[in-house]
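Subject: Handover of a structure and its findings

Dear colleague,

Please find below the structure that I am handing over to you. I would be grateful if you read the notes after it with the model open.

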Amino acid sequence: MKKTFLILILSILVAALGACSSGNSASPAPSTNAAEAPDPAKSDANKEMDTVLVTEAFHTLLYLPLYVANKEGLFENNHIKISNIRSAGTGPTALASVLAGEAQFSVHGPEHVGFAKEKGGHAKAVSAVANSAPVWILANKNVAFNSPEDLRGKRIVVGLAPGTSNTLLKRLLRDHGLDFTKDVTVTEVQNGSELGPVLAGQADIAVAYQPQVEQGLSQGLQLIYNFTEKYPEYAFSTFNTSIQLMEKNPDLVKRFVKSMDESLKFIHQNPEIAKKVARAEFPELDGEVVDNAVQRMIDSNVYPPNANITEEAFKVAIDMQKFVGNIKTDMKYEDIVDASFIPNE
């Protein structure tokens, strides 16, 4: 009887210990796993912002994708905070800040990356921003124009060499059998002041960028030639960064390029919002002029549909620089452009 009672007591104790052991191993496991497993949404939301300084060759509507990405929160969505967008005055000066490590990205023509490379600077163009040749020719109403040959004998105002507008004019004249120094009278001025002599009757023709084109049209000038139709693929301006940053923080470069790709798409999908950003960025300009300039550049794909720098666009831009004598050696696409950061469509 005692033996039976003892066996019963031991059985009860073993069962109780087994239940406690089972409970202790089962219940903490979910709690531990829940604490250790990261929540992707919370992890992304808490991701630290990278602070970035961008240097631009000059402050211009051509760089609207940069301003849209900043004002519409596209950089912020990709965990980038723009500390400043600083106008450097020239492409080489903008890139110099990047090579010195002061700025992270610069915006200007890709040829400046090649020029810097020849002097030992290590940078790459990583994103498109302004494509095609965003230059137009305006004339007084009394100027008859049917073809570029009609430029013979005209008084033409254009931006200073070696600016793109100056180069495009030289190429246009040469392609139609005209000499820049003999067959036309050319006055070179600072970019943005091309209209003055024409409106004052001191010249017949102005070669200009936006928004001067729309300003001229609003004051009675006529549009006689569109370089975006002649050169629809032209890497006019790119975003550029140092190879050092690409190696040290490739994720930042990838997120920056993604922001620009999203901005270019946003501009085409939301032109009215893009115009609103442009108006706020250039409050000194007439709002209608700004709207018309932005719309013309959207329609002309001056703002390309995505951030890809095509080989054709790069080749046209470099060939133009070779034509004017700015480049005397070969600049290969793969040596200047790194397209690996462009998002896959």
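Predicted model: local features only at pLDDT ≥ 70, side-chain atom pairs only at ≥ 80, totals over all residues.

Residues are numbered from 1 along each chain as its sequence is written, and side-chain values use heavy atoms, with hydrogens and water left out.

Five strands make up an open sheet with mixed pairing, in the order β2-β1-β3-β10-β4. Helices (H or I, at least four residues) and strands (E, at least two) are DSSP runs numbered from the N terminus, and two strands pair if DSSP finds at least two bridges between them. At the edges stand β2 (80-87) and β4 (123-130); each has a single partner strand, so one side of each is left without a neighbour in the sheet. Neighbouring strands are turned by 25° against each other on average, direction ignored. Strand β1 (residues 50-56) runs parallel to β2 and is joined to it by seven bridges. Within this pairing, V54 has I85 of β2 as its bridge partner.

Helix α6 touches β1, β2, β3 (105-108), β4 and β10 (237-242), and its direction makes about 165° with that of β3. Helix α13 (residues 250-269) touches β1, β2, β3, β4 and β10, and its direction makes about 15° with that of β4. Contact here means heavy atoms within 4.5 Å; axes are lines fitted to C-alpha atoms, for helices over the stretch in contact, and angles run from 0 to 180 degrees between N-to-C directions.

Strand β6 (residues 155-159) and β7 run parallel and are joined by five bridges, and V157 stands opposite T187 in β7.

Pocket and cavity

On a 1 Å grid over the protein atoms alone, a cavity is a set of points where a 1.4 Å probe fits but cannot get out, and a pocket is an open set with protein on both sides within 12 Å along at least five of seven lines; lining residues have an atom within 4 Å of a point. Grid points are joined across faces, edges and corners, and a volume is the space filled by probe spheres set on the points.

The largest pocket holds about 590 Å³ of space. It is lined by 24 residues, of which F58, H112, P162, G163 and T164 are the closest to its centre.

One cavity of 30 Å³ or more is found in the whole structure. The largest cavity, of about 30 Å³, is lined by E111, T164, Y234, F236, A317 and Q321.

Aromatic pairs

The whole structure contains 10 aromatic pairs. Rings of Phe, Tyr and Trp (its six-membered ring) pair if their centres lie within 6.5 Å; planes under 30 degrees apart count as stacked, over 60 as edge-to-face and the rest as tilted. One of the pairs is Y67 with F282: their ring centres are 6.1 Å apart and their planes stand at 65°, so the pair is edge-to-face. It links distant parts of the chain, as Y67 is in helix α4 (residues 64-71) and F282 is in the loop between α14 (271-281) and α15 (287-299), 215 residues apart.

Backbone details

Most residues other than glycine have a negative phi, and most peptide bonds are trans. The peptide bond from A161 to P162 is cis, with omega near 10°; P162 lies in the loop between β6 and α8. The bond from Q210 to P211 is likewise cis, with omega near 5°, and P211 is in the loop between β8 and α10 (212-218). S132, which is not a glycine, has a positive phi of about 60° and is placed in the loop between β4 and β5.

Yours sincerely
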